[in-house]
Amino acid sequence: MKLSSSCNFKELKNRYVHIRYNEKPAIEFQQSGDKVAIYAKSSDIILKYLKEHEAINSSIARKITALSASGVRKIFKKLEASGLIIGFGENKGKIYKIKK
């Protein structure tokens, strides 16, 4: 398909397309306490599960909290340090129960 010379197309010039890397984004990323809220809520979910069931492991905790393995591990460590739960086993086979 040929374009006629009467078309009013403007030529795209490179100087109009440059990206300015030093400009601030229109919406700035905000550091907030969202992670703290997510971990607090996830801790509550895990403790509620443990009250209804005897034990929990990492894969179940990931499913019910929708967190990554490292996120669940952090929650388990905090709950264990605070004396609410106790872990049995090692590494991948580790399970957690409510401390009595």
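Tutor: Happy to. One term to begin with: a residue counts as buried under 20% relative accessible area, exposed over 50%, and partly exposed in between. Keep in mind that this is a predicted model.

Student: Okay, so is Lys97 exposed or partly exposed?
Tutor: Lys97 has 25% relative accessibility, so it counts as partly exposed.

Student: What does Lys97 form a salt bridge with?
Tutor: With Glu54; the closest N and O atoms are 3.4 Å apart. The two sit in distant parts of the chain, 43 residues apart: Lys97 is in strand S3, while Glu54 is in the loop between helix H1 and strand S1. Glu54 is exposed, because its relative accessibility is 64%.

Student: How many salt bridges turn up in the whole structure?
Tutor: One, from a search of the whole structure.

Student: Switching topic: what volume does the largest pocket have?
Tutor: About 270 Å³. It is lined by 13 residues, and the closest to its centre are Ser58, Arg73, Asn91, Lys94 and Tyr96.

Student: Which element gives the largest share of that lining?
Tutor: Helix H3 does, with five residues. Helix H2 (58-65) and helix H3 (69-81) each supply at least two.

Student: And how do the lining residues divide by type?
Tutor: Six are charged, four polar and three nonpolar.

Student: Last one: which residues form the nonpolar patch on the surface?
Tutor: Ile86, Phe88 and Ile95, with about 220 Å² of accessible area together. Ile86 belongs to strand S2, residues 85-88. Its relative accessible area is 32%, so Ile86 is partly exposed.

How values were computed
Residues numbered from 1 in each chain as written. Predicted model: local features only at pLDDT ≥ 70, side-chain atom pairs only at ≥ 80, totals over all residues. Heavy atoms only, no water. 1 Å grid on protein atoms, 1.4 Å probe; cavity = no way out; pocket = protein on both sides within 12 Å on 5 of 7 lines; lining within 4 Å. Points joined across faces, edges and corners; volume = space filled by probe spheres on them. Helix = DSSP H or I, 4+ residues; strand = E, 2+ residues; numbered from the N terminus. Nonpolar A, V, L, I, M, F, W, Y, C, P; charged D, E, K, R; others polar. Patch = residues over 30% accessible without salt bridge, like charges linked within 9 Å, V, L, I, M, F, W, Y side chains within 5 Å. Areas by Shrake-Rupley, 256 points an atom, 1.4 Å probe, with all protein chains shown as cover. Salt bridge = Lys/Arg side-chain N within 4 Å of Asp/Glu carboxyl O. Buried < 20%, exposed > 50% of the residue type's maximum accessible area, 1.4 Å probe, protein only.
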